[in-house]
Amino acid sequence: MTFPQVFPFRMLFFVSSFCNFIPIHGHTITKQRHLLDTISQISMPPTLAPEASSPSYNAINPDTIRVFNVLSFGAVGDGVSDDTKAFKMAWDTACQADSAVLLVPGSHCFIIQPSIFTGPCKSGLVFQIDGTVMAPEGPDSWPPKSSKRQWLVFYKINGMSMQGGGVVDGRGEKWWNLPCKPHKGVKGTTLSSPCDSPVAIKFFMSSHLTVKGLKIKNSPQFHFRFDNCQHVHVESLSINSPAQSPNTDGIHIENTNNVQVYDSLISTGNCNRNPAFTNSTPCIGSLGIHNSRACVSNITVTDSVIKHSDNGVRIKTWQGGSGMVSGITFDNILVETVHNPIMIDQYYCLTKNCSNQTSAVLISDISYTNIKGTYDVRSPPMHIACSDSVPCNNLVLSNIELLPAQGQIVANPFCWNAYRTIQTLTIPPVDCLLWGTPQPADQNDVNQC
C-alpha cells in the first residue's frame, strides 16, 4: 500500500461538546428508545422526497445552492429517536441534485444506525454537520444483521465536502470494555470473545474529498479511515477519545494517495497519522503483517506537537514482510514528555511469542530534522531497531535535541543495524548508528513497490 504526503500543522485547539440528554416537552430523556424498524445498510432512492428547504445559515448562497435539511425528511433530532431513514432519504435526494447541501442542523442530536451512503453523486455535494450525530450505544444496541466493523461508510463518493462545527460521537465506551480488548485481560492479555468494533467514519473508493471543522469523539475503533481513496484534504479537525481507549486511531490511511492533513488536534488511545497529537503519535505501520507486502512512500510530517504519548514519530513493521518504506520526512516537531520520541521498530509483535524471520520491509531514506523537546526517562530518547537481514539505510538526523523530562541524566539512544548518511550534532549523540551503505538485502522483490 502507498501512503500519501502529509502536510503541516499550524495551530492547536481543543473543543469539547456534549449531547448527553435532550429536554423534550419539559422532561429530560436519558434512555434510547427501543428501535422498532429494521434498517437497510444501503441507502435507497426515496419515493417522494421533500423539496429543498430555504437556507438556514449565512454560509449558503440561496441563488446557487439547494439545501436539504434532514428535519424536512422526518428526522427528529431528540437524541432518542432513530433518524436513519430520514438521513438516507436526505442523502439520496441531495446526492442527485447539483450543488446540494445536506444539512444536519445545530441544536439537535441524531441517532444513526450503521449505514452506507453510496455514490456517485452530482458534483459539489456538501455534507454540513452543525448538530450532533450519534452511534447506537454499544454492542448490545447494534443491529444484529449489521457489520460490527463500520458505522458510517461513504462509498464511491467523488468531490464531496464533509464540514461544519458539529460533533460526531461514536459512543465507544462499551466497545472499549469488551473482554477481548488488551487492557481487560491479566497483564494486558486479551480474553477470548467476539472483538469486532466499528470504525466511526470510513471513506472507501472515493476521491477529491474535503473534511474540515468537525469534532469527532469516542469512536469504538478508528475515528476516520480512508481506504482506496485519492486526493483527500483534511483540515481543522478535533479528534478525541480517552488515552486508554484501545485502537482508536485518529486518522487511518491505507491504499490511498495524495492526502493533505492540516491544523488538527488528535487526542486518542493509539497511533495516528496527523500532525497534532496528545496521548497518540504519527505512526507508519503496522506493516508486513502475515508476511504481506507493504509499500509506503513520500510522507511528510511537519510543524507538529506531540504531548504525553507512548511514542513519538514511529515506523513499525512485523518480521516476515516485504516491500519498502521510503521518502519519509519528520521535520520541526516538538515533543513533551514522550516515550521513544524517535522510533523504528522492525520487531513489532503484539505478544511475546513472535518467531524470528529473515525477510522484512526495507526502511530507507528517512529524515529526522529539528526534533526537540523532552522524553519520558523510562524509555530511551531514540529507539532504532532494524532487521538483522534487511538493515535500515540512508537515515538522516539533523538538529535533534532531546532532554529528559525528569532529572539531569541524558540516556543513550538504542540502535541496531541502522545506517546513516548525514548526521549533525545531536543531543544526545547517536554514536550507535553505522556509517556507509549496507550490503544489498537478499530479497529479490524488496524494491518492487
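**Disulfides and cysteine burial**

C295 is buried, at 10% relative accessible area. Here buried means under 20% relative accessible area, exposed over 50%, and partly exposed in between, with a 1.4 Å probe and protein chains only. The model is predicted, so local features need pLDDT of at least 70, side-chain atom pairs count only at pLDDT 80 or more, and totals for chains, interfaces and linings use all residues. Residues are numbered from 1 along each chain as its sequence is written, and side-chain values use heavy atoms, with hydrogens and water left out.

Six disulfides are present in the structure. A disulfide is a pair of cysteine sulfur atoms within 2.5 Å. One of them joins C295 to C449, with an S to S distance of 2.2 Å. This pair links distant parts of the chain, 154 residues apart. C295 lies in strand 25 (residues 293–307), and C449 in the segment after strand 34 (434–435). Strands are DSSP runs (E, at least two residues), numbered from the N terminus. The C295 and C449 link is left-handed, with -75 degrees about the S-S bond. C449 is exposed, at 55% relative accessible area.

C386 and C392 form another disulfide, with sulfur atoms 1.9 Å apart. Their link is left-handed, with -105 degrees about the S-S bond. C386 is buried at 0% relative accessibility. C392 is buried, with a relative accessible area of 0%.

The sulfur atoms of C415 and C432 are 1.9 Å apart, and the two form a disulfide. C415 lies in strand 32 (residues 414–416), while C432 lies in the loop between strand 33 (418–423) and strand 34, so the pair ties together parts 17 residues apart in sequence. C415 is buried, at 11%. C432 is partly exposed, at 29%.

How values were computed. Helices (H or I, at least four residues) and strands (E, at least two) are DSSP runs, numbered from the N terminus.
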